[in-house]
Each structure stands twice: as C-alpha cells, then as structure tokens.
Amino acid sequence: MINPIQKSLFQLCCLLFAGLLTLSCNKDNGLPPGFPVLYRQDFIIPVGLSEFQVHHFQLQNISTRYLQELTDHSKTDADILGFTTSKASLTGIYGDSDLDFIDQVSLRVYDEADPNDYIEIAYRYPVPFEPGNTLPLIPSLADSKRMFSKSRISIDIVIWLRKITPVENEMRLDLEMWAQI
C-alpha cells in the first residue's frame, strides 16, 4: 500500500517530468510571434577611403516585398504589430576579406523622397579589432514598419574607418527583419 507522502512525491515527480518535456520541446527564439522577411544586397567598399571621413554606402530603390510577404503568410497590414530587425551582418563576398579597417557601422533605412528621415535598424560600435570576414551587427529596437510597409526603401550603410581601406572589398549585407503579429 502506498502512503499519502509517497503518492504526493510521485505526483510531484510526474509534474516536474512533464514540465521538463514541455520546456525541451519549445523552440523559442526569443522573438514575439511573427515571421521573418529576408533581404540581401551587395555593395563595394573601394580602396583608399580616408579614415578622417564618414562614408555612406546608399543602396537605393530596394523592393520591400511587403504586400507579397503579407499575402504569403495570409496576413493584412493591420495584423502586423511591428517590424524590427532580428539579424544583420556585413560579410566579404570572398572569404579572404579582412574587415579590421572598420571602426563602427550604422545601418539606416529611409525613403528616397526624404533622406533625412531615417531609422537606424542596426549598428556595431565598437567593431572588434580582428573581426575577420563577417561582421555581425547589433539589431536596434526601433519599429521600422512605417518604412518597410512602403513598396520601396533605401538603405544607408554608414561606416567609420580605423585606417585607409587597403583593398577593394566586395561586401554583402544580410538583413533579417521580423514582422510581429
């Protein structure tokens, strides 16, 4: 015969086991419910840029595919509560690039009609002294839905340098935005 203490202990163990099973199967990525929207753009950092100036690499007239993404996910504009950056990185297209000449980066999105009205969606300051070929950027908390809900946007990659660029670098911007529902 099982006494009440053993029964309670057994029930507690079963409850803890069920809780552990539930936690181990949860694939929570820390993001609110929603879906990713991916962007990839290439650009070139030329050789010989001065470290005494701020350099702007403007990627213009980029299709946001906003309406297509909403259709693909069976959502409307009213369903989207926010549009934030979940991941961003700058990578040398060829694996031999060394981004040690970069001191800081600001990734800004804007409408071509008003370049002064921008939203910083990612940044990196300071850049590590030996970043290698890929530089992950830190996503900002800014809601950029007002920009990405338009049909076209422009992106300004603002770079401050530590030293003169030693070679031409073919770069790739990978950007993952999160449409929160």
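A polar contact is a pair of N or O atoms within 3.5 Å; within protein, one must be able to donate a hydrogen and the other to accept it, and residues adjacent in sequence count only if both atoms are side-chain atoms. This is a predicted model, where local features need pLDDT of at least 70, side-chain atom pairs count only at pLDDT 80 or more, and totals for chains, interfaces and linings use all residues. Residues are numbered from 1 along each chain as its sequence is written, and side-chain values use heavy atoms, leaving out hydrogens and water.

Start with H55, in strand 2 (residues 54–63); strands (E, at least two residues) and helices (H or I, at least four) are DSSP runs numbered from the N terminus. Which backbone oxygen lies 2.7 Å from a polar atom of the H55 side chain? That of S50. The backbone oxygen of Q53 lies 3.4 Å from a polar atom of that side chain. H55 counts as buried because its relative accessibility is 9% (buried is under 20% relative accessible area, exposed over 50%, partly exposed in between, with a 1.4 Å probe and protein chains only).

Next, select R65, in the loop between strand 2 and helix 2. R65 isn't a glycine, yet has a positive phi of about 55°. With 35% relative accessibility, R65 is partly exposed.

Hop to S74, in the loop between helix 2 and strand 3 (82–92). Phi of S74 is also positive, near 55°, and S74 is exposed at 64% relative accessible area.

Last stop: the cis peptide bond joining Y125 and P126, with omega about -10°. P126 sits in the loop between strand 5 (114–124) and strand 6 (134–136).
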